[in-house]
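Please keep the viewer open as you read.

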Amino acid sequence: MLLSPLPPSYPVSLAMGQGLAGLICGTAISSQYLATRFNVNTPMLQSFFNYFLLFVTYTTMLLCRAGDGSILQILRRRWWKYLMLGLVDVEANYAVVKAYQYTTLTSIQLLDCFVIPVLMLLSWWVLKTRYRLVHYVAVCICLLGVGTMVGADLMAGRDQGSTSNILLGDCLVLISATLYAVSNVCQEYTVKNLSRVEFLGMVGLFGTIISTIQMIVLEHNKIAAIQWSWQVGLLFSAFALCMYTLYSFMPIVVKLSNATSVNLSMLTSDLFSLFCGIFLFQYNFSALYLISLVVILIGFITFNAVPTPQRDPASSSFSFCEAGFYDNSVTTLNVSNVTVRINAKDEEGGKEQQDGENKEGCEEKEMNAPGCHSVSH
């Protein structure tokens, strides 16, 4: 199979994808500092600040809209769908952070890659994306790079974290990966068929509500026990700003490419965390880290070298929007077709009527002509 030229937007999506990976690295470092240096383990409180920033920015923008794009019309048509999306997104973030308390870092790094096959399956079913053999090969190359990174961790003797309940921790990682895949597919569908502001505004609205409730129920004691200082406040701010920027720019990258490609590019986030950990947490360096980075980037480039054909998702069995939302354009088209047909029939009728009048006039002229009278006699 010949590889087609890379799309013009490819360098932009590649650079932005690595930028998103850097933001994920920022959230990991700030969370690790909070946990190790200040004994703060409040994933819901950290997520709440992110959703609240999204709410203040994008939900406010929706409040300023009028007409079909207003927040009232959006909630009236599909509020329960965005409620489910907000719940999925909040629990995906919570499950992966919670998994660090029960299982090893190696398990999390390996099992977190489960998001890729689930995402490809959902994209095939929901978005009607059709992958080719080269795409599956590229994914395997990326996963090989992740395996190289994990092998380097084991050889370097890096601290593997907790092992209190490995089975529970592994299940939490798999649940988180599946929920992330669902969220990313919904994100791709929404930003490509509706708008980025609507997606982020609704996630901010329902994410704030859900995270607030869950935070009060599960973390009120831990929040009350936090010893606040400017360092703790700075780390919370860093985490919230990294997550807010990640959420704000990821829909742009998804619209330029697709959710699977973006997640492949973000596999390098663990490597960026390792490189930072060498200086911040005295991790041992291994040349396999660089090899892993190169392998993942090769897989990502290979994946994007061949386009993924995609049918119109609006024609699929899944519809994130109300059916009537898309039926208006079809109805208008049908009305226009009917109008054209009626006009065409009127023109044909008028033409036939005019031909009949011309024919009748010709007959009258023939009757009045001299030749006609002689023939009658």
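Let us begin with confidence: pLDDT is the predictor's confidence in each residue, from 0 to 100. This is a predicted model, in which local features need pLDDT of at least 70 and side-chain atom pairs count only at pLDDT 80 or more, while totals for chains, interfaces and linings use all residues. Residues are numbered from 1 along each chain as its sequence is written, and side-chain values use heavy atoms, with hydrogens and water left out.

**Confidence and overall make-up**

The average pLDDT of the chain is 78, and 76% of the residues score at least 70. Over residues 313-347 the pLDDT is below 50, and this stretch has 33 contacts in the model beyond near neighbours in sequence; a contact means heavy atoms within 4.5 Å. Residues 362-377 also have a pLDDT below 50, with four contacts beyond near neighbours in sequence. Where pLDDT is low, the predicted coordinates should not be read in detail.

The chain contains 14 helices and zero strands. Both kinds of element are DSSP runs numbered from the N terminus, with helices being H or I of at least four residues and strands E of at least two. Of the 377 residues, 45% count as buried, where buried means under 20% relative accessible area, exposed over 50%, and partly exposed in between (1.4 Å probe, protein chains only). Among the contacts with a separation of 6 or more, 89% are between residues 24 or more positions apart.

**How the helices pack**

Two packed helices are described by the angle between their axes and the distance between the axes. The axes are lines fitted to C-alpha atoms, for helices over the stretch in contact, and the angles run from 0 to 180 degrees between N-to-C directions. Angles under 35 degrees count as roughly parallel, over 145 as roughly antiparallel, 65 to 115 as roughly perpendicular and the rest as oblique.

| Helix pair | Axis angle | Axis distance |
|---|---|---|
| α2 (residues 43-63) and α3 (residues 71-99) | roughly 160 degrees | within 11 Å |
| α2 and α9 | roughly 50 degrees | within 9 Å |
| α7 and α9 (residues 230-256) | about 75 degrees | 9 Å |

What is the orientation of α2 and α3 to each other? They are roughly antiparallel, and α2 passes α3 in a right-handed crossing. A crossing is right-handed if the near helix is turned clockwise from the far one by less than a right angle, and left-handed if anticlockwise. On the α2 side, the residues that meet α3 include Tyr51, Thr59 and Leu62, and their partners in α3 include Ile74, Val90 and Tyr94. By class, this contact has ten nonpolar, three polar and one charged residues. Here Ala, Val, Leu, Ile, Met, Phe, Trp, Tyr, Cys and Pro count as nonpolar, Asp, Glu, Lys and Arg as charged, and the others, Gly among them, as polar.

Turning to the second pair, α2 is oblique to α9, and their crossing is right-handed. Phe49, Leu53 and Tyr58 are among the α2 residues that meet α9, which contributes residues including Phe236, Met243 and Tyr247. The contact of α2 with α9 has twelve nonpolar, five polar and no charged residues.

**Links across the sequence**

Threonine 190 lies in helix α7 (residues 166-193) and is buried, with a relative accessible area of 0%.

Leucine 205 and threonine 59 are 146 residues apart in sequence, yet their C-alpha atoms are 6.5 Å apart in space.

**Two loop residues with positive phi**

Asparagine 39, in the loop between α1 (10-37) and α2, has a positive phi of about 55 degrees although it is not a glycine. Lysine 128, in the loop between α5 (115-125) and α6 (133-156), has a positive phi near 60 degrees. Are these residues buried or exposed? Asparagine 39 counts as exposed, at 63% relative accessibility, whereas lysine 128 is buried, with a relative accessible area of 13%.
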